[in-house]
Amino acid sequence: MCSTVSSLLLALAGLLLAFYGVAARRLLSAVALATTTYYVTIHLLGLVQLWEYVPPGAVALLLSVVGFIVGFFSYKLAVSISTGYATFVLLVRMFPILGLPLDVVYAASVATALATYLASLRRVYVPYVVLGAVTLAIALSTLIHGVVAIAVATLVGVAGYVVQGSSWRARMKLVKQRGTQAAVKQRKSKMSRGPSVPRGST
């Protein structure tokens, strides 16, 4: 029951990122990087077997706070890193179906993070669509068959790309119109005052 609820909450987070991520990009990026930092720290501390000497929960929580701060100010980098980690989690979870070697999983995760960051330089909403789709696929993979989960998440990602793309373009168009109107108003204000007369010329 608890795992089902957490999967549904994760699915809701995926939908939020896929359709509305760019609207609250700084906050969502900060939360995403904080979460990623927490789980990666727990995992790494487990690999080096420092559980007896270092309290993993406290260290992970401290680093997640740092991740939140970094993610808030560097949202493109933060969401790209989180996308890479989410891809890693999804591929590992899909291992019985895909059977990919671990080297390929690592390479695909890094490549996804890099490609997401490069895409964000041209279209800022793309990383949130990708992260939302991957997050949704992770959540659904615990509830339905993995292939179906990926298919549904892909369709949601396409829909999210269309929705966020249109809303972002409309927002940028509105910003541009306001800038043009402000420039025209300033020009009219200068013209109404007439040419300025230098001091001492009369």
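Me: Where is Phe 73 found, and what makes a stretch of the chain a helix?

Reply: Phe 73 is found in helix α3, where helices are DSSP runs of H or I with at least four residues, strands are runs of E with at least two, and both are numbered from the N terminus. This is a predicted model, in which local features need pLDDT of at least 70, side-chain atom pairs count only at pLDDT 80 or more, and totals for chains, interfaces and linings use all residues. Residues are numbered from 1 along each chain as its sequence is written, and side-chain values use heavy atoms, with hydrogens and water left out.

Me: Why is Phe 73 called exposed?

Reply: The relative accessible area of Phe 73 is 61%, and exposed means over 50%, buried under 20% and partly exposed in between, with a 1.4 Å probe and protein chains only; Phe 73 therefore counts as exposed.

Me: Why is Phe 72 put in its own accessibility class?

Reply: Phe 72 has a relative accessibility of 32%, so by those limits Phe 72 counts as partly exposed.

Me: What makes the pair of Phe 72 and Phe 73 edge-to-face?

Reply: Rings of Phe, Tyr and Trp (its six-membered ring) pair if their centres lie within 6.5 Å, with planes under 30 degrees apart counted as stacked, over 60 as edge-to-face and the rest as tilted. By this rule the count comes to 5 aromatic pairs. The ring centres of Phe 72 and Phe 73 are 5.4 Å apart and their planes stand at 80°, so this pair is edge-to-face. Elsewhere, Tyr 85, Phe 88 and Tyr 106 form one aromatic cluster.

Me: Which residues make the nonpolar surface patch, and which helix gives the most to it?

Reply: Leu 27, Val 31, Val 65, Phe 68, Ile 69, Phe 72 and Phe 73 make a nonpolar patch of about 640 Å². Patch residues have over 30% relative accessible area and no salt bridge, and nonpolar side chains (Val, Leu, Ile, Met, Phe, Trp, Tyr) are joined within 5 Å, like charges within 9 Å. A salt bridge is a side-chain nitrogen of Lys or Arg within 4 Å of a carboxyl oxygen of Asp or Glu. Helices α2 (25–47) and α3 (56–73) each supply at least two of the patch residues, and α3 gives the most, with 5.

Me: Why are Thr 37 and Thr 83 both called buried?

Reply: Thr 37, in helix α2, has a relative accessible area of 19% and is therefore buried, while Thr 83, in helix α4, is at 0% and so counts as buried too. Leaving out residues up to four places away in sequence, Thr 37 touches Leu 63, Ser 64 and Gly 67, where contact means heavy atoms within 4.5 Å.

Me: What makes a nonpolar core, and which residues have the most contacts inside the largest one?

Reply: A nonpolar core is a set of buried Ala, Val, Leu, Ile, Met, Phe, Trp, Tyr and Cys residues joined through side-chain atoms within 4.5 Å. The largest has 26 residues, and Leu 90, Leu 131 and Leu 136 have the most contacts inside it. Helices α1 (2–20), α2, α4 (75–93), α7 (126–141) and α8 (146–193) each supply at least two residues of this core, with α7 giving the most, 9 residues.

Definitions and conventions
Accessible areas come from the Shrake-Rupley method with a 1.4 Å probe; for residues, only the protein chains shown count as cover.
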